Amino acid sequence: MSLMKKIEIKEGKAVLHIPDPKEYTVDGKFDPAWSPVFYNPRMKLNRDISVAVAKVFSPKTVIDAFSASGVRGIRYALESGVGHIIFNDVDKNAVDLIKENIELNSIPSYEIYNMEANALLDVKRGVFIDIDPFGSPSPFIQASMRSTGRRGLIGFTATDLSPLEGSSPKACMRKYGATNKRKLSFSKEVGIRILIGRIAKDAAVEEKGIFPVLSFYHGHFFRVFVRVEEGATKADNSLEKMGFVAECERCGYHKFSSDPCDLRRCDYCGCEMNVAGPLWLGQLQDKSLLQQLHLEGEAEKIVSKMRAEATAPPFYYSLDKLSSRLRLSAVPSTSDIVECTSGFYTHFDPKGIKTDLSFEKVIECIKKFVR
Ligand SMILES: C[S@@+](CC[C@H](N)C(=O)[O-])C[C@H]1O[C@@H](n2cnc3c(N)ncnc32)[C@H](O)[C@@H]1O
Ligand SMILES: [Zn+2]
C-alpha cells in the first residue's frame with residue numbers, strides 16, 4: 001500500500017489522497033477500476049446530490065458500505081453535518097486509504113470496517129445507508145433494509161444500465177426479477193422503475209414499505225433514494241404500486257397497468273406490444289425534498305429538471321423515436337411539443353416529453369410542427 005503513488009485532490013470540502021491516475025493509464029486510457037483503490041471524478045455529481053440529500057435528512061449515523069477512498073463518508077461528515085460515519089470496504093488497500101483520508105480531514109467520530117457489505121449490514125445499524133457498489137446494487141438491497149431499523153433512508157447507485165434498459169434481458173431477470181426484452185423508447189425511465197421495483201419487493205420481504213424521494217439518471221448511472229418505514233401494511237401499500245408498461249413497436253403508443261393482461265394489444269393499431277416489468281409505477285420524487293436541495297452547477301441543473309417534472313405522469317415519449325416512426329422529415333423541438341401538449345420536459349431525455357394528453361393529441365401536435 002505504501003508503494004501506491006498518490007496525488008492530493010479536493011472534492012467539495014474534502015481533501016483526498018487518491019491513486020495517481022498517471023500510474024494506471026494504459027495506452028492513454030484511464031479507468032478508475034484499474035487503480036488499486038477506486039476514485040471516479042465522474043461520480044462527483046452523484047456525491048454532490050447525495051451530500052445535499054443527507055444534509056436535509058440530517059441522519060445521526062451514515063453507513064458508507066462501499067467507501068473506496070472514503071470520499072463519500074468524509075463529505076457527509078464535513079458538508080452534511082452527519083455526526084457519526086461508519087466506513088467500510090472489502091478491500092484492504094481501500095481501508096488503508098480511508099484511514100489516511102479520515103486523518104487528513106480530521107473526521108471526529110467514525111468506525112472503519114474491512115468487511116463484505118452484507119455481513120456488515122447484518123450487524124450494524126444506520127439511519128442512512130449508502131449503497132454504491134460496482135454494477136448492480138441488487139445483492140445488497142435486503143441487508144440494507146435490515147440495517148435501517150424502523151425508519152431510515154437508503155441511497156442506491158446502479159451502473160448496470162444495460163440490463164435495466166432492456167439490452168441484457170437475461171441479466172435483468174437474474175438481477176431484478178423483471179422481464180425487459182427490448183429497449184423501449186423510454187428505456188431510462190423503465191430502467192429506474194425496474195430498479196425501484198426490486199427495492200420495493202426486497203423491502204416487503206423485510207416487512208418494510210418504501211417511499212422514493214429522489215430518483216435520477218445521469219451519464220452512466222441511476223441513483224435512487226428511498227425512505228423506508230417498517231410495517232406489513234406499509235409493505236403491502238408499496239407492492240400495490242407495482243405494475244407493467246408496454247410500448248407498441250409499430251405506432252409508438254405506450255400504456256401502463258397493474259395487470260399485464262391489459263397490455264397485450266395496442267389500443268391504437270391492435271399490434272402486439274413489448275411489455276416490461278414488474279416495475280414501480282408510483283412517485284419517483286418528493287417535491288418538497290427537491291425544493292430543499294441547495295446545489296450548484298451541473299447538479300443544480302439536473303435537480304431543477306427533476307423539480308419541473310416531479311408531478312408529471314409516468315413515462316415519456318421520445319420525439320426522436322416518434323418522428324422516425326411517423327417517417328417525418330425532421331424532429332420537432334422539445335419546447336414546441338411541451339407547449340402544445342401542456343406537457344413536461346424530462347431529465348431522462350432532452351428529446352423526451354411527458355403529458356397527460358392522449359397519444360392521438362401528441363401525434364397531432366408533432367404533425368403541427370413537422371410534416
Ligand atoms: C464503486 S466503488 C465505491 C466508490 C465510492 N463509494 C465513491 O463514491 O468513490 C465500490 C467499492 O466497493 C468495494 N466492494 C466491492 N464489493 C464489495 C462488497 N461485497 N462488500 C464491501 N465492499 C465491496 C470495492 O473494493 C470498491 O472500493
Ligand atoms: Zn400501435
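What spacing do the donors of the zinc ion (ligand 2) follow along the chain? The spacing is C-x2-C-x14-C-x2-C. The model is predicted, with local features requiring pLDDT of at least 70 and side-chain atom pairs counted only at pLDDT 80 or more, while totals for chains, interfaces and linings use all residues. Residues are numbered from 1 along each chain as its sequence is written, ligands are numbered from 1 in the order in which they are written, and side-chain values use heavy atoms, without hydrogens and water.

Cys248, Cys251, Cys266 and Cys269 each coordinate the zinc ion (ligand 2) through SG at 2.3 Å; donors are N, O and S atoms within 2.8 Å of the metal (3.2 Å for Na, K and Ca). The site is tetrahedral, with angles of 98 to 125° among the 4 donor atoms (four donors, all angles between 85 and 135 degrees). Both Cys251 and Cys266 are buried (under 20% relative accessible area, 1.4 Å probe, protein chains only).

Strands here are DSSP runs of at least two residues (E), and helices of at least four (H or I); two strands pair if DSSP finds at least two bridges between them. An open sheet of 4 strands, ordered S8-S13-S11-S12, shows antiparallel pairing. Its edge strands are S8 (179-180) and S12. S8 and S13 pair over 2 bridges, with Gly277 in S13 as the bridge partner of Thr179.

Technical notes
Tetrahedral: all angles 85-135°; square planar, octahedral: opposite > 155°, others 65-115°. Buried < 20%, exposed > 50% of the residue type's maximum accessible area, 1.4 Å probe, protein only.
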